[in-house]
Amino acid sequence: MTGTKDFTTEELMIAAISRELRDDELGFVGLGTAARAFTLAVGIPIAAARLAQIKHAPGFSIYWGNLLTPSLEKIPDALLQDAYTRWPAAASPADVGYKIDMVTRGRFDVSFESAPQVDRFGNLNITEIGGEGEPKKRLVGCLAQTEHLAFIKRPIIVTDLKKRSFVEKVDFITSLGYLDGGDSRARLGLPGPGPYMVVTDKALFDFHPETKHMRLKSVHPGITLNEVLENMSFEPIVEGTPKTTEAPTEEDVRLIREVIDPEGTLFSPRAA
């Protein structure tokens with residue numbers, strides 16, 4: 001089915017991520033605080049996982065919170081603590097160490113990461129704003145994101161494109177991307193290959209295979225290249241005329257709205 005103009009930015013992001021998920025893979029979904037942060041860190045990844053299951057990757061599964069392979073056929077009406085105790089899943093380990101052990105053993109193929117700051121080499125900061133000296137603002141802290149980017153095979157960064165978020169250099173490296181570019185990450189001997197791609201509300205990015213600089217992959221429908229560059233504090237690699245991000249199909253949109261999240265539990269749609 002062909003693409004449709006009747007979709008939200010979130011639905012486009014969901015469809016873009018779902019196309020990257022493969023059958024029989026395991027994805028790590030982190031935590032989100034509330035509002036937009038929850039949509040980016042939790043809502044969009046879970047919806048993308050379910051869309052992939054329905055369309056091309058029935059064996060794809062996630063680990064979220066303390067739920068290993070929760071059934072995504074019916075999302076709870078409210079993702080409160082009670083939902084964790086009632087949501088059917090393959091397992092619900094109480095010890096968070098079990099999950100971290102899985103991360104360090106390379107059991108996860110994909111993870112979904114969000115952060116207030118990301119730099120040109122995919123380094124993430126969820127620790128503090130302010131650089132050297134006394135921080136201006138304390139953030140949520142590292143959680144397990146440090147381990148995610150160190151060990152997981154294909155970390156996908158999901159965040160909004162803003163000048164204050166896409167910075168030349170993060171104030172604090174919570175999670176190591178490609179450090180200073182080139183082979184600087186490889187020299188550290190980390191087992192994971194580094195960030196796979198960046199999904200934003202205006203464009204998709206990946207990383208140049210040699211320099212490891214962030215590289216523009218495509219611009220979303222209705223967004224210009226100038227709009228993308230104006231919302232970044234560094235200039236990404238742009239090779240030729242940017243492609244347009246593939247729009248979600250009519251079937252994608254129907255599945256998201258009517259089957260995957262009919263109650264709007266995962267995200268609040270925003271007009272594209």
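In this predicted model, strands β13 (203-207) and β14 (214-219) each supply at least two residues to the lining of the second largest pocket. The largest share comes from β14, with four residues. The space in this pocket amounts to about 230 Å³. Its lining includes Leu-204 and Asp-206, and also Arg-215, Leu-216, Lys-217 and Ser-218. Val-238, Glu-239, Gly-240, Thr-241, Pro-242 and Lys-243 line the second largest pocket as well. By class, four of the lining residues are nonpolar, three are polar and five are charged.

The largest pocket has a volume of about 890 Å³. Its lining is made up of 34 residues. Nearest the centre lie Ser-114, Ala-115, Pro-116, Ile-126 and Val-140. Strands β1 (26-29) and β5 (110-113) each supply at least two residues. So do helices α2 (35-55), α4 (96-104) and α5 (145-151). Helix α2 gives the most, with four residues. The lining of the largest pocket has 17 nonpolar residues, 10 polar residues and seven charged residues.

Aromatic contacts were examined next. A pair of aromatic rings is described by the distance of the centres and the angle of the planes. The structure holds five aromatic pairs. One of them, formed by Phe-28 and Phe-108, is edge-to-face. The ring centres are 5.2 Å apart, with 70° between the planes. Phe-28 belongs to strand β1, whereas Phe-108 sits in the loop between α4 and β5, so the pair ties together parts that are 80 residues apart in sequence. Phe-28 and Phe-108 are both buried.

Phe-108 also pairs with Tyr-63. This pair is tilted, at 6.0 Å centre to centre and 45° between the planes. Tyr-63 lies in strand β2 (residues 61-64) and Phe-108 in the loop between α4 and β5, so this contact ties together parts that are 45 residues apart in sequence. Tyr-63 is buried, as is Phe-108. Together, Phe-28, Tyr-63 and Phe-108 form one aromatic cluster.

A charged side chain also meets an aromatic ring. Arg-154 lies over the face of Tyr-196. The distance from the ring centre is 5.3 Å.

Note on methods
Residues numbered from 1 in each chain as written. Heavy atoms only, no water. 1 Å grid on protein atoms, 1.4 Å probe; cavity = no way out; pocket = protein on both sides within 12 Å on 5 of 7 lines; lining within 4 Å. Points joined across faces, edges and corners; volume = space filled by probe spheres on them. Nonpolar A, V, L, I, M, F, W, Y, C, P; charged D, E, K, R; others polar. Phe/Tyr/Trp six-rings, centres within 6.5 Å; stacked < 30°, edge-to-face > 60°. Buried < 20%, exposed > 50% of the residue type's maximum accessible area, 1.4 Å probe, protein only. Lys NZ or Arg CZ within 6 Å of the ring centre and 35° of its normal.
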